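Here is a short report on one protein model.

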Amino acid sequence: EVPGRRTDLAALKGAVLFAGPKIKTDKPVPLIIHFHGVPWLMEYHVAKHFPKAALITVNLGSGSRVYGDPFVQAEMFHNLIDEAAKAVGTKKGWSSITLVGFSAGYGAIRAILRHGQYFQLVNNVLLLDGIHASYIPEGKRLADGGVIKEDDLDSYIKFAREAVAGNKRFLISHSEIFPGTYASTTECVDHLLSTLGIRRRAKLKNGPVGMQQTSEVDVKGFHIRGYAGNTGADHGDQLQAMPDWLKALKIK
């Protein structure tokens, strides 16, 4: 456990604010909101690498729907960041807002970005092995003639366009896990790239925490990192490596 104040936020049960001792409340404060991942690990990462940032961890259970449903209500995100600002005591608000989703946590970010006012407010998005969509017909894989339900990726496609234009920063890191009943992270990223007219580059190199990188994309503020591996441990590595990709977002 790292030094700092922890506050359960009343706006959403399962949301915890962490404010380290190096936060300067007389200046705008960077805010990082992490969806799905044990709070102590996220707090450790932020305290070590981003000590002047405030962190909200949100853990709501299993499945993307439990993360997305609360943020269908537009006021939820406003209430969450407003309560956090008051708890931190920042006098000049947030300097930037970064949303991080590991695994099922992507559901919350997708819902938040569907609200126009929050789409404009969010500066950075980081997805850690978490971007999925349904097949059409449901459960029919691409290899069997199914297609990806593009509506499930709508806000991510829009955010990616802004990142490609240099107006946002968007980084997706993914493994090779193939769920089978819904579109994998690889399939969803491929669909995203196809929609944007961007191609991956093969890139074999060592990644963080012993990961093996296989591909990458870098277009202005838009970045993709593909990694080998289709096991639970490979999935968990994505979370452990979070600081490397947060640094790439150049949070201020």
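Helices α4 and α6 pack at an angle of about 70 degrees, and their axes lie 8 Å apart. That makes α4 roughly perpendicular to α6, a label for angles of 65 to 115 degrees; under 35 counts as roughly parallel, over 145 as roughly antiparallel and the rest as oblique. Axes are lines fitted to C-alpha atoms, for helices over the stretch in contact, and angles run from 0 to 180 degrees between N-to-C directions. Helices are DSSP runs of H or I with at least four residues, strands are runs of E with at least two, and both are numbered from the N terminus.

This is a predicted model, where local features need pLDDT of at least 70 and side-chain atom pairs count only at pLDDT 80 or more, while totals for chains, interfaces and linings use all residues. Residues are numbered from 1 along each chain as its sequence is written, and side-chain values use heavy atoms, without hydrogens and water.

Helix α6 (residues 154–164) also meets α7 (residues 185–196): their axes come within 10 Å and cross at roughly 55 degrees. That makes α6 oblique to α7.

The table shows which residues touch, contact being heavy atoms within 4.5 Å.

| Pair | Residues in α6 | Residues in the partner helix |
|---|---|---|
| α4 with α6 | Asp154, Ser155, Tyr156, Phe159 | Tyr106, Ile109, Arg110, Leu113 |
| α6 with α7 | Tyr156, Ile157, Ala160, Arg161, Val164 | Leu192, Thr195, Leu196 |

By class, the contact of α6 with α7 has six nonpolar, one polar and one charged residues. Here Ala, Val, Leu, Ile, Met, Phe, Trp, Tyr, Cys and Pro are nonpolar, Asp, Glu, Lys and Arg are charged, and the others, Gly among them, are polar.

The largest pocket has a volume of about 630 Å³. A pocket is an open set of points on a 1 Å grid over the protein atoms alone, where a 1.4 Å probe fits, with protein on both sides within 12 Å along at least five of seven lines; lining residues have an atom within 4 Å of a point. The volume is the space filled by probe spheres set on the points, which are joined across faces, edges and corners.

Its lining has 24 residues, and Ser64, Arg65, Tyr106, Arg110 and Ser134 lie nearest the centre. Helix α4 gives the most, with four residues. The lining divides into eight nonpolar, 10 polar and six charged residues.

Serine 103 sits in the loop between β5 (94–102) and α4. Beyond its neighbours within four places in sequence, serine 103 contacts His36, Leu128, Asp129, Gly130 and His235.
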